[in-house]
Structures are given as structure tokens and as C-alpha cells.
Amino acid sequence: MTASVPGPAELREECATGIAAYGYFDEQELRDAFLAVPREHFVPRRVWWPKADDDGRYPVLDRDEQPERWLKAVYRPLTALITQVADGAVRIEDGPTASSDFTSSISCPAVVVNMLRHLAPQAGDRILEIGTGTGYSTALLCERVGAEHVVTVEIQEALAKRAEERLGALGYRPQVVCADGEQGWEPGAPYDRLLSTACVRQVPPAWLRQVKPGGLIITPLATPMHCDALAWLRPDGQGGGGGGLFDTVYFMKTLSQRPRKPWRELGWPRWPDWSLTVTPEGSQRLHTRDR
């Protein structure tokens, strides 16, 4: 007897179970939203696998040629799928590529859920999303707060248009704006919360101005530790804000923040600014000297 092939709903449930094992579904509403949104609807027919083969090239997954493999990849909890390389200069029609200049992806399900968990949107909250991408996280936000409360900004016109079409096909009609997300979207301000799906080296001042005092910003932040971190900030109403870091991630940078800057200019301590303390019991602590 041939084993039945799991369908999208079954794989979505399995994926949710895997994510729950990380403790990310601390609200039933978030799990309900995850199960309600068909992630496969937002994944292009062809995507690049994020790990290179032995030949050094990133393989292409094609839904028409390998439907089972493609669908399973869509619902792997810790796998992001690459949707654009070199801002579109590398065509997926040309097949596997040796270029690792990834410029757009659909983030792995676990990271998307973890970011939404920390954003903690409530019904009726006004949300600004930076980086629409495929529209998947936008759909989850629509499920949580209602599409009429969501504004999502995408800098690439083609991506914004495709995302709006995908969202509309499922009945989600948030405001989709083609603009530079680092400038936020002033006409819709103030917002209760802001979620960025693109990484920044420096938090744009416009974000802090457009989110209500005491509101919440969640964004990936570049670090000197060869990884990015998820950061949270609460605006103070004076154009500034305070927060912290809570997890390790790897995200693509916003367009204007791709060029590197000295870490010192971005507020990061230098190595001499750190102190190391070890107790007789072997406990170890790293901290900066001004703390």
C-alpha cells in the first residue's frame, strides 16, 4: 500500500507543532492565525534552496517538477526560501546559481512566528510593516488585527504588486505601499506597533516618530557578532526610545543600509570596552564597563 502524501493543511499542522516545541505559541490566537494562512499561497512557484550543493550552487525548487519536495520545504519550521538574488539580476529561470547575494526571501516559519509573538499585536492595533516581501507575514498580521489596521511598505514595485495580488486573492486587503520603508509611512501614523522584516544597522528615526509613545518596534538589527539580533524598542514620544535584544537571526539588510559602517559609529562597544568576570565556582560573565 502506498503511503498517502501529506497535504498543505497537514503539513501546516505539523509545522505548528514543531514551532510550539520552541515555546513560540504562547497565545492561542497566534497559532490560530498561523493555521488559517496557507503559507504555500505566498511562496513563488520556483525558489532557491538556501544551502549550496556540493558544486557550490544553490538549487532551485520547482513546484511543478517536485511538488512534494517543494511543499515540504515551504513548511520546514527553520528553513527560509530565497525568492530573489542580486535584486533580480540573477534570474531563477536560469536555474541554480553560485551567487549568495540574496536580496529577498520568505523567512522561515519559526522566525516569523517568534517575531509576531514578541510584537504581540492585539485586535484593533494599527500596525506598520516594513518589507512586505511575498506578503506572508502581512497575512498573519491581517488575521491578528484585521486587514484594515495594517499598512505594509515594500520598496520594490514588482514585489509590492505581487504581494498585494496574493493577499487580495485570499480576501486580505491591507494598505500596500511602494516606498522606502526606512521612511516609514507618515500618512498612516501614528501606529501602535511596527514590525520590520528587513534588517537595519541603525534604527531609522522615522520609525520612532511614527509609533505611539510606549508602542513597540520589532526589527532585526545587524551586530558585529557575525549574526543579526532581534531588537525591541519602545518610543518615548520625543523621537527616541529604549529597548533591548532577544534572539539571534539572519536577515537581509534594507537597501540603503547594505554598505558597512564602523561598529563604533553604530553604538557598539569595542573589545576594550568589555569586561570579563570569572568566579571561583567557574561562573563567567561578560559585560560592558559602563554597566
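Reader: Is N114 buried or exposed?
Author: In this predicted model, N114 counts as buried, because its relative accessibility is 2% and the cut-off for buried is under 20%.

Reader: Where is N114 placed?
Author: N114 belongs to helix α4, which covers residues 109–119.

Reader: And what is N114 in contact with, leaving aside its neighbours within four places in sequence?
Author: With those neighbours left aside, N114 is in contact with Y24, L230, F246 and D247.

Reader: Let me switch to V145. Which helix is that in?
Author: V145 lies in helix α5. The relative accessible area of V145 is 5%, so this residue is buried as well.

Reader: Which residues is V145 in contact with, apart from neighbours within four places in sequence?
Author: V145 is in contact with P121, Q122, A123, G124, D125, I127 and V150, once those neighbours are set aside.

Reader: How far apart are V145 and F102?
Author: They are 43 residues apart in sequence, and their C-alpha atoms are 31 Å apart in space.

Reader: Back to α5. At what angle does it pack with α2?
Author: Helix α2 (residues 28–36) and helix α5 (residues 136–145) pack at an angle of about 130°, and their axes are 9 Å apart. The crossing of the two helices is right-handed.

Reader: Which residues of α2 and α5 meet there?
Author: From α2, the residues are E29, L30, A33, F34 and A36; from α5, they are Y136, L140, E143 and R144. Of the residues in this contact, six are nonpolar, three are charged and none is polar.

Reader: New topic: the sheet. How many strands form it, and in what order?
Author: Seven strands form an open sheet, ordered β7-β6-β5-β8-β9-β10-β11, with mixed pairing. At the edges are β7 (175–178) and β11 (241–249), each of which pairs on one side only. On average, neighbouring strands are turned by 15° against each other, direction ignored.

Reader: What joins β8 to β9?
Author: Strand β8 (residues 191–196) and strand β9 (residues 211–222) run parallel and are joined by four bridges. As for a bridge partner, R193 has L216 in β9.

Reader: Which helix lies across β6 and β7?
Author: That is helix α6 (residues 157–169), which lies across β6 (150–154) and β7 and runs at about 170° to β7.

Key: Residues are numbered from 1 along each chain as its sequence is written. This is a predicted model: local features need pLDDT of at least 70, side-chain atom pairs count only at pLDDT 80 or more; totals for chains, interfaces and linings use all residues. Side-chain values use heavy atoms; hydrogens and water are left out. Axes are lines fitted to C-alpha atoms, for helices over the stretch in contact, and angles run from 0 to 180 degrees between N-to-C directions. A crossing is left-handed if the near helix is turned anticlockwise from the far one by less than a right angle, and right-handed if clockwise. Contact means heavy atoms within 4.5 Å. Ala, Val, Leu, Ile, Met, Phe, Trp, Tyr, Cys and Pro count as nonpolar, Asp, Glu, Lys and Arg as charged, and the others, Gly among them, as polar. Two strands pair if DSSP finds at least two bridges between them. Buried means under 20% relative accessible area, exposed over 50%, partly exposed in between (1.4 Å probe, protein chains only).
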